[in-house]
Structures are given as C-alpha cells and as structure tokens.
Amino acid sequence: MAEAHVSIENEKQYTFTPELRKKLLLGMAVGAGLFILGVILMAIFGLKHPGDAHHALGGGGDGHGFHWSKRVFANLWLHGVLFTGISLVGVFFVAVNYVAYAGWVTTLRRIPETFGYFLPFTGALLLIMFFVAGHDLFHWTHKELYEVGGEHYDAIIAGKRPYLNTPFFLIRMVIYFAAWYLLFMIIRRNSLAEDQLQIQDFSEGSTKFYNKNVYMSAVFLVIFGVTSSTSAWDWVMSIDTHWFSTMFGWYVFASWFVTGLAVITLTVVFLKEAGYLNVVKEDHLHDLGKFMFAFSIFWTYIWFCQFLLYYYANIPEEAIYFHERLVLHNGVYNPVFFGALALNFIVPFLGLMTRNAKRKMTLLKIIAGAILIGHWLDFYIMIMPGTVGPYANFGLVELGCILMFGCGFAFVVATNLAKANLYPKNDPYLKESLHHEVA
C-alpha cells in the first residue's frame, strides 16, 4: 500500500517540447497535403472518368446529380461535429465531477479541462461550412421544398419549417458555441485562480473558487443537457430530414462521451509514459477503464433500443434509415455498420471486463484506440449516407481530415497543458485523489 502515499513535490510541469511541436505541425501539414491532393484527384478524375475515379480513388461523380465536392464537405462536417463532441466531453467530464464532489479525478482533471479550447475552431468550421455547403449537406435548405403546389413541395419537411429554417439554425449554432465556451472559460479561469492562492490548509476561504466552479458546472450541465440533444438534431439527424428518433440525442451524446473518455485515457497514458503524472496511479487508470467499459455498454444499449424499435415496428418511413445503411447504396455501408458495432461494443466489453485489464496502460491504449476508430465509423454512418449516398469511401480526403483534426486537437491541448500546473495544487480534494484506492 506504499503507493497510496504519493507526494506532489517532485511532480513536473508539462513542457510542450519543440520536438513534439514539430511532429504535430508536420502531422497537420501532411494531413492538409493529403486532403488537398485527394480533392485535386477527385476534381480531375471525378469529372473526366467518373466511374473509374469512384472505384480507384473513392470519389467522383457519375453524372446523376452527385458532385465530388459533396464528399469533401461531408468529411469536414463529420470531423467538425466529432471534435466538437470530444471538446465538449472534456468540459462535461470536469463539470460532472465538480457537481458530484468527486475527489478521485483531481490529479488528472487538468487534462479534460483543456479540451474546451478547441471549441472555437470547430465552431468556426461548422459555421463556415453551413454557409458554404449548407445546400449540399442539408436537403431541408432548398426553398422549392416549401412552395405549396410546386413540383418539389414536401409536406413533411414543410411541417418542420418552424424549427428547421436557416436563420433559426444559425442562431442556435451561435448560441450553442457561445454558451459552451463562455461557461468553459469561467470554469477554467476559476480553476487556474485557485492555483494562485497562498494557503497552508483548506479553510473556508480556500474553497471559494472550488465552490464557484460547482455552481458554474451545474449551470453548464443544465444547458448541456438540452443543447447536446438539440445540436445532435440540428447537425446530424436533420441530414435525413424525413426520419427522426426520440432517442437520437442520447445516442449522439453516448457516442461523444465514450469517444471523449478514450481521448482522456490516451492522454493520461501518454503523459505517464513521458514521465509526467506520477501522482496518477493504477487506481485512477482503473476508474478510467471502468468509465470506458460502462459507457461502451451504455452506447450499445441505446444503439440496440433504437434499432430494435424500428426493426420491430417495420414502418417504411422509419425503417428506411437502417435499410439505407444495411442494404441500399450497393451495400457500401454494411461492413462499416457492423464494424462500428464490433469496435464499440465487443472490443471494450471483452477487453476491459477484468480488473487487471483496466490497470494495464498498453491494453488501455489499444482499446481506447479501437474505441476512437469505432466511433469515427459511427459518425461516418450517421452522416455519409444522407450526404454522399453510394459515393462514400475511405481515401486521401478522409485520411487527411483525420490527421489534420487529430494533430490540431493534440496541439491545442498540449499548448494549454503547458500553461498551468498539471494538477490543481490547491484543490480541496487533492489529498483524497493522492490516496485514491480502488477496492
């Protein structure tokens, strides 16, 4: 039990080394290069030889109303939505633990606390993408759908116009990001201000910033509880405008949350391997592993409930959502559909079932990596069928986006980790976290 008596005296502050900085910048540059090359190839071959380009390059148009640019826009939208979720989960994870007065997480809290800094980047991207490619991504944006008596009039979409209209959509998007980022910055500012206190014990005065964050976290959770669902309806569900699911907000939240947990876990493991976070013990890793295990099952529960209800009812206008992903579009989404299910449920369920598995950093890295791939595929099959149909594939554009966003996110997190202590040294629950043990 000697491990329970851990000192923070020798704990190092994180240094964003020039070597890592160069690697991440190089990764972003390579990703941008691959993305641009993929766009150029699709532009050339997609227009001149549409059939050949589609099979050889994973893109192109076939002269039947599809243009290669839709796949580019859909990929940018997908990664914008996914990384918005990861950034939000960092804030959500911090807020939940504040409200719960959880002590165990204190020594690693500064990691998810930095995720919110990426929100302005994804917010700007999604806003720009809607202005540039709203008509390509969202069928409901076409005016002819609302012209009563017109050739393209759609009564179902017209009935949703009070909610699904461009001005209100943009207003909601701006409100989402403004509220999320403002509350994140308040929580972060209070957390850093707490570090500046000159105290010897945790008296009433020393907890003022902690108590402020408990209150602000509660406010964030209430707002997030609503906006996480409405943003999922706006940015993902409305792509398939006719279809809807009352469970969809929960489904997207579950996918976001377990993805964010995987990123938190990977960051903790990588920092420990680099010689940081010595105060984070196997018991903390165990709890992170339990979270990934539990919420992978929660995601599967939501997935199964949603799928089962539509399969059992077998109402055409409802079942079409899954029929499109399992059968239509030449079956291109079928292996992705079941691959995502395997990576998001079977791998974490079997891999994290035992106690020892949750305490091994190598195994945690493998399973967290599988979860990241699996939930990227999950968002892929949520967004691509309604935007690019049978023209989806994995090529240079997709690989470039993954590198750009992944390295960009890591760059922002590393930059802000280096600006503060790796642990909140004046947090009233720090001692509890240092002595944290899992029975």
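**Exercise 1. Find what follows helix H9, and check the length of H9.**

Start at the end: Asn314 comes after H9, and its phi is positive, near 55°. Helices here are DSSP runs of H or I with at least four residues, numbered from the N terminus. This is a predicted model, where local features need pLDDT of at least 70 and side-chain atom pairs count only at pLDDT 80 or more, while totals for chains, interfaces and linings use all residues. Residues are numbered from 1 along each chain as its sequence is written, and side-chain values use heavy atoms, leaving out hydrogens and water.

Now the length. The expected span is 1.5 Å times one less than the number of residues. H9 has 32 residues (282-313), so it should span 46 Å; its end C-alpha atoms are 46 Å apart, which agrees.

**Exercise 2. Classify Phe45 and Phe338: buried, partly exposed or exposed?**

First, the cut-offs: buried is under 20% relative accessible area, exposed is over 50%, and partly exposed lies in between (1.4 Å probe, protein chains only). Phe45, in helix H1 (residues 18-48), has 37% relative accessibility and therefore counts as partly exposed. Phe338 sits in helix H11 (residues 334-351); at 42%, Phe338 is also partly exposed.

**Exercise 3. Locate the largest nonpolar core and the residues with the most contacts inside it.**

Such a core joins buried Ala, Val, Leu, Ile, Met, Phe, Trp, Tyr and Cys residues through side-chain atoms within 4.5 Å. The largest has 132 residues, and Trp77 and Trp235 have the most contacts inside it. Helix H3 (residues 69-99) supplies its largest share, 18 residues.

Terms used
Helix = DSSP H or I, 4+ residues; strand = E, 2+ residues; numbered from the N terminus.
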